[in-house]
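Subject: Structure for you to look at

Hello,

Here is the structure I said I would pass on. Please open it first, then read the notes below.

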Amino acid sequence: MMQLEHLAWSIQGGVEIIKDIDLVVPDGKLVVVTGPNGGGKTSLAKLIAGITPLKSGKIVFDGEDITALDVTERAQKGIAFAFQQPVRFKGLRVRDLLELAAGHPLDEGELCQWLGRVGLCANEYIDRELSASLSGGEIKRIEIASVLARKARFSIFDEPEAGIDLWSFSRLVETFEDIRRSKAGTLMIISHQERILAIADEIVVVAEGRVRAAGPKDEILPMLLADEKAVYCPLGKEEA
Ligand SMILES: Nc1ncnc2c1ncn2[C@@H]1O[C@H](COP(=O)(O)OP(=O)(O)OP(=O)(O)O)[C@@H](O)[C@H]1O
């Protein structure tokens, strides 16, 4: 279980971006974090992953206070984060990245399995370098595949729909559903996409650095869909 207690974070100059966020994410659930642009979703994810340090508050993961742990230590505890803006690793091949993520060598069948889940044909990609020759969408999907290959206890995906074609996106949605069905890990997915919201167990709406609403999908989704002004998120208005 991931427990966030009174999380706060400010940027230089003292402007508070995350303001007193309290949230509990139960094990094995698929939780979608949504809300307007600039509301603080990515900032919250970075606080959980340990990429940015908290100003105040506490993070407890499976009963252990991980507030003081850095990003590497949190990764070792089983927290994985797929960035919205993926990093390109020079000199590293796709195969290397996936093996690093999995923590052991992978045969072609396994490489194919992970890449197939994001709609990439493994043979074309496994020996390619993670360099400028790959498109932004390809890099993004490879990074998502690497987070999937980690089989982490708590995985965070930041707008996995961004830069992904519809077919690959459908494969990814199925993968998220598989993980949830098999209770293979807890998923926190930041998304504006209605198809992702529709598979959530719980939805959390973050706006202006606060949790505006949180609860079971059946409670929160109708509220979002009924919001004609789309205050929280432009549901159904974005393409995958
Ligand atoms: N390092 C930083 N320095 C300055 N401002 C920042 C920094 N990180 C985030 N912000 C600001 O904090 C606010 C929240 O940003 P964040 O990226 O967390 O929003 P978001 O909800 O993920 O938005 P989006 O849906 O557009 O991705 C924004 O106004 C952003 O400009």
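The radius of gyration is taken here over C-alpha atoms, and the rule for a globule is 2.2 Å times the number of residues to the power 0.38. For 240 residues, a compact globule would therefore have a value near 18 Å, and the protein, at 17 Å, agrees with that. Please keep in mind that this is a predicted model.

Overall layout. Along the principal axes, the C-alpha atoms fill a box of roughly 45 × 40 × 35 Å. The protein contains nine helices and ten strands.

The ligand. Around the ligand are I11, I17, G35, N37, G38, G39, G40, K41, T42 and S43. By type, this shell divides into seven polar residues, two nonpolar and one charged. Helix α1 (residues 41-49) supplies the largest share of the shell, three residues.

A pair of helices. The axes of α3 (residues 94-102) and α6 (residues 136-150) come within 7 Å and cross at roughly 30°. Angles under 35 degrees count as roughly parallel, so α3 and α6 are roughly parallel to each other. Their crossing is right-handed. On the α3 side, the contact is made by V94, L97, L98, A101 and A102. On the α6 side, I142, A145, S146, V147, A149 and R150 take part. The residues of this contact divide into nine nonpolar, one polar and one charged.

Regards

Technical notes: Residues numbered from 1 in each chain as written. Predicted model: local features only at pLDDT ≥ 70, side-chain atom pairs only at ≥ 80, totals over all residues. Axes fitted to C-alpha atoms, helices over the stretch in contact; angles between N-to-C directions. Helix = DSSP H or I, 4+ residues; strand = E, 2+ residues; numbered from the N terminus. Parallel < 35°, antiparallel > 145°, perpendicular 65-115°, else oblique. Left-handed = near helix turned anticlockwise from the far one by under 90°. Contact = placed C-beta atoms within 7 Å. Nonpolar A, V, L, I, M, F, W, Y, C, P; charged D, E, K, R; others polar. Near = placed C-beta within 6 Å.
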